Amino acid sequence: MEFTLFMVAAGIIFLLIIFFYYVPFFLWINALSAGVHISLVQLFLMRLRRVPPRTIVYAMIEAHKAGLKDVTRDNLEAHYLAGGNVDKVVHALVSASKANIDLSFQMATAIDLA
């Protein structure tokens with residue numbers, strides 16, 4: 001009886017670890033508290049596509065806080081999958097915005113990939 005209870009408890013702990021790895025729940029809470037709306041399903045699908053959710057979410061938070069409206073999750077994921085550096089692109093967009101330089105997301109990603 002004790003062994004069965006131990007095995008059930010171990011199985012539940014294992015499933016929770018797997019769940020929190022594939023579904024970054026705390027990252028989702030972090031995004032929501034920063035005002036970035038992203039679903040748990042989107043975060044899960046990022047893991048399956050081998051896109052680091054932390055990189056995308058932090059870039060989205062930075063862009064949101066800087067008031068950049070043309071930066072979307074889909075664009076950031078596409079740029080990451082194309083081999084680009086998402087962090088540098090968002091930093092460049094924020095810097096250009098603060099310096100009143102007209103730099104679009106498409107232009108920044110093209111420069112990064114070149």
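Visitor: How much space lies in the largest pocket?
Guide: About 160 Å³ lies in the largest pocket, where a pocket is an open set of points on a 1 Å grid over the protein atoms alone, with protein on both sides within 12 Å along at least five of seven lines. This is a predicted model, in which local features need pLDDT of at least 70 and side-chain atom pairs count only at pLDDT 80 or more, while totals for chains, interfaces and linings use all residues. Residues are numbered from 1 along each chain as its sequence is written, and side-chain values use heavy atoms, with hydrogens and water left out.

Visitor: Which residues line the largest pocket?
Guide: The lining consists of G35, V36, H37, M60, A63, H64, G67, L68, K69, V71 and T72, lining residues being those with an atom within 4 Å of a point.

Visitor: Switching to helices, at what angle do helix 2 and helix 4 pack?
Guide: Helix 2 (residues 25-34) and helix 4 (residues 53-66) pack at about 5 degrees, with axes 10 Å apart, so helix 2 is roughly parallel to helix 4, a term for angles under 35 degrees.

Visitor: And which residues of helix 2 meet helix 4?
Guide: L27, N30, A31 and A34 do, against P53, R54, V57, Y58, I61, H64 and K65 in helix 4, where contact means heavy atoms within 4.5 Å.

Visitor: How do the axes of helix 5 and helix 6 cross?
Guide: The axes of helix 5 (residues 73-81) and helix 6 (residues 86-98) cross at roughly 130 degrees and come within 9 Å. L76, H79 and Y80 of helix 5 make the contact with V86, V89 and V90 of helix 6.

Key
Axes are lines fitted to C-alpha atoms, for helices over the stretch in contact, and angles run from 0 to 180 degrees between N-to-C directions. Helices (H or I, at least four residues) and strands (E, at least two) are DSSP runs, numbered from the N terminus. On a 1 Å grid over the protein atoms alone, a cavity is a set of points where a 1.4 Å probe fits but cannot get out, and a pocket is an open set with protein on both sides within 12 Å along at least five of seven lines; lining residues have an atom within 4 Å of a point. Grid points are joined across faces, edges and corners, and a volume is the space filled by probe spheres set on the points. Angles under 35 degrees count as roughly parallel, over 145 as roughly antiparallel, 65 to 115 as roughly perpendicular and the rest as oblique.
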